[in-house]
Amino acid sequence: MSGPSEDHEAGTPVTRYRSRHRRPRRWRRLVAVLLSAALVVFVAPTVLAYFKLNHNIKRIDISKALGSRPSTTSVSAGVDRPLNVMVMGSDTREGIGTTEYGKDTVEGGAHSDTNLLVHLSADRSRALIVSIPRDSMTKAPKDCNDPKSTVANGEVRQWNYNFNKGGPACTIRTLEGLTGVFVDHFIVVDFRGFQEMVDALGGVEVCTNVDIADSDAQFTLAAGRHRLTGKEALGYVRVRKTVNDGSDLNRIRRQQAFLSSVVQEATDTKLLLRPDKLFAFLDAATKSMTADADLGATTLAGIANSLRHIGVDEIEFVTVPTEVYPKDPNRVQWKDNASEIWEAIKADRPLPGSSDKPKPTATSTTKERLTVAPDKISVEISNDSGVGGLATQAGAALSVQGFTVAGYRNGAAGETEGVVIRHSKAQKAAARTVAAAFPGAKLKADENLGSVIVVHLGMGAANPVEVPNRKGKDPLPKMTVSAPPAVPDGLDTRKADQDICS
C-alpha cells in the first residue's frame with residue numbers, strides 16, 4: 001500500500017454563469033453551475049470567442065483505459081438525461097511561475113487532492129456537487145494500466161494516489177467500481193488556471209472565523225471577511241493543518257464556501273454584462289483545463305442550452321461521510337450511508353431531506369377534485385419537528401379555512417420527514433382535502449384511527465397553504481416558523497446561496 005505524501009493542494013474548479021431577464025429581480029436568477037471550468041465555455045459572447053476558448057481545452061481519450069463500466073441510460077448527447085462530470089484539481093506546479101507551493105509531489109507527477117463529482121439532473125432543475133476527501137482509504141484497481149484490474153480484485157489505497165498512479169482514468173475507474181455511478185465526462189484543472197480565474201473575477205470574498213497562519217500554504221489571514229487575489233485564494237483553499245482540527249474535511253467545507261462565494265460573486269458583479277471580464281475569466285479557465293475527447297463544441301452547446309433555468313439556490317454541495325480508518329487514525333474510510341449519495345445520483349433524485357418537495361403556493365395545486373369540505377373535517381396535529389410553535393401555526397392556518405382542530409401533541413423529533421397524514425379507510429377522501437393544504441404530504445392509512453385525521457409535521461415539512469374548497473375569506477396567518485430541512489445523519493451539505501460565513 002502506498003504511504004502518505006506531502007500535502008500539496010489542487011486548484012479548485014470554478015463556476016459558470018447565466019442570467020434571466022424576465023423581471024426586475026432577475027439577478028436572483030443569475031445562474032452559476034459549479035461543474036468546473038469546462039462548462040463555463042457555454043457562455044462565450046461570440047462565435048469566434050467560443051471556438052477560441054474551445055480550442056484552449058486540452059483533450060485526451062481515456063476510453064480504452066476505463067475497462068468494464070456501469071450501465072448508463074444515455075439517450076442523446078448532453079440533453080434530456082442526467083449528466084455526471086468528474087472534476088479533478090491537479091496539483092502539478094508546472095507553469096505557475098513560482099515554487100512557493102513546492103516543486104512536485106514526493107512520488108513525482110501530480111496528485112488530485114480536490115475531487116468533485118458534479119451531477120446535473122435530467123430536467124436541469126438542480127445540481128449536486130459531491131466532494132470526495134483526499135485521505136479516503138478505499139478499494140482501487142491494483143494496476144491502473146491494466147483494464148482488467150478492477151476495484152473488486154484490487155487493493156486498498158488513499159484516494160488521491162489514484163490520479164498519481166493512472167491519471168483521470170484511474171480515478172474514474174475507482175469511483176465507478178465503488179459506486180456504480182457512470183461518469184459521462186471529466187475535467188482536470190491546474191493551479192495556474194485557478195489563480196488566473198480568480199484574478200479575472202477581480203478577486204473573491206472569503207470569510208474565516210479564526211486567524212490563519214500556515215507555513216505550508218505560505219498564507220496568513222486575520223479572522224473576518226476579506227477579498228483575495230488569485231494567488232491569495234490559492235493559499236486559502238490549500239490551508240489545512242493549521243486551521244481548526246487540521247483535517248481535510250474542514251478544508252473541504254472551506255473550499256465549498258469559497259466555491260459558493262464565486263457563484264455569489266458573479267451575481268453581485270454582473271459578470272455577464274462585462275464582456276472584457278467574462279472573456280478574461282473564460283480564457284483563463286479553458287487554458288488550464290484538460291477534458292475527455294467527447295467534451296467537444298457540440299456537446300458543450302447542448303449542455304449549455306439545457307442549463308438555462310438552474311439557479312444558485314438549486315446547487316447543493318455534499319461531502320462523502322467518513323469515519324476514522326482503523327489501520328491509520330490519520331486516514332478515513334467511507335461510512336455506510338455514503339451509499340445514499342450514490343443511490344440518489346443513480347436514481348436522479350435529490351438527496352434524502354433535500355429541497356425536493358413542492359414549494360408552497362398561494363393555493364393548492366392538487367389535481368384531484370376534493371369531495372369533502374374543510375368544515376366537515378376534524379384534525380389533530382402532531383409536531384414531530386422539534387421546532388416550537390409549528391403545530392399551533394399550522395392549526396391556525398387550517399382553522400381559518402374551516403377545519404376543526406381537535407388537539408395538538410408533540411411527537412418524536414426527527415422520526416418523520418415532511419408531512420405525513422394518517423387516516424382511517426373511511427376518512428380517505430377527507431384526508432385528501434387535508435393533504436391539499438400541505439404540498440408534498442404523504443397519506444398513510446391507519447385502521448386504529450376513527451374520524452379524526454392526524455397530521456404529522458416532521459423535518460422539512462411544508463407550511464400550510466389554501467385549499468381550493470376552503471371556507472371563509474380571511475387570509476391565512478403569517479408563517480413565522482418553519483421546520484428545518486431533513487438531512488440524513490452524517491451527510492454534510494450546504495447550498496450555493498448560503499452565507500459564506502456560515
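Me: Is Lys-346 buried, partly exposed or exposed?
Reply: In this predicted model, Lys-346 has 42% relative accessibility, so it counts as partly exposed.

Me: What does Lys-346 form a salt bridge with?
Reply: Its partner is Glu-343, and the closest N and O atoms are 3.0 Å apart. Both residues lie in helix H8, three residues apart, which is about one turn of the helix. Glu-343 counts as partly exposed too, because its relative accessibility is 39%.

Me: How many salt bridges does the structure hold?
Reply: It holds 11. One of them pairs Arg-126 with Asp-348, with the closest N and O atoms 3.7 Å apart.

Me: Where do Arg-126 and Asp-348 lie?
Reply: Arg-126 lies in the loop between strands E5 and E6, and Asp-348 in the loop between helix H8 and strand E18, so the pair ties together parts 222 residues apart in sequence.

Me: Are those two buried or exposed?
Reply: Arg-126 and Asp-348 are both buried.

Me: New topic. Which residues have the most contacts inside the largest nonpolar core?
Reply: Phe-219, Tyr-236 and Phe-258, in a core of 48 residues. Apart from that core lies another of 27 residues, including Trp-159 and Phe-186.

Me: And the second largest pocket, what is its volume?
Reply: About 400 Å³. Its lining has 20 residues, and among those nearest the centre are Cys-207, Arg-253 and Ser-502.

Me: Which element supplies the largest share of that lining?
Reply: Helix H5, with five residues. Strands E10 and E23 each supply at least two.

Me: What about the lining by class?
Reply: Eight residues are nonpolar, eight polar and four charged.

Key: Residues numbered from 1 in each chain as written. Predicted model: local features only at pLDDT ≥ 70, side-chain atom pairs only at ≥ 80, totals over all residues. Heavy atoms only, no water. 1 Å grid on protein atoms, 1.4 Å probe; cavity = no way out; pocket = protein on both sides within 12 Å on 5 of 7 lines; lining within 4 Å. Points joined across faces, edges and corners; volume = space filled by probe spheres on them. Helix = DSSP H or I, 4+ residues; strand = E, 2+ residues; numbered from the N terminus. Nonpolar A, V, L, I, M, F, W, Y, C, P; charged D, E, K, R; others polar. Core = buried A, V, L, I, M, F, W, Y, C linked by side-chain atoms within 4.5 Å. Buried < 20%, exposed > 50% of the residue type's maximum accessible area, 1.4 Å probe, protein only. Salt bridge = Lys/Arg side-chain N within 4 Å of Asp/Glu carboxyl O.
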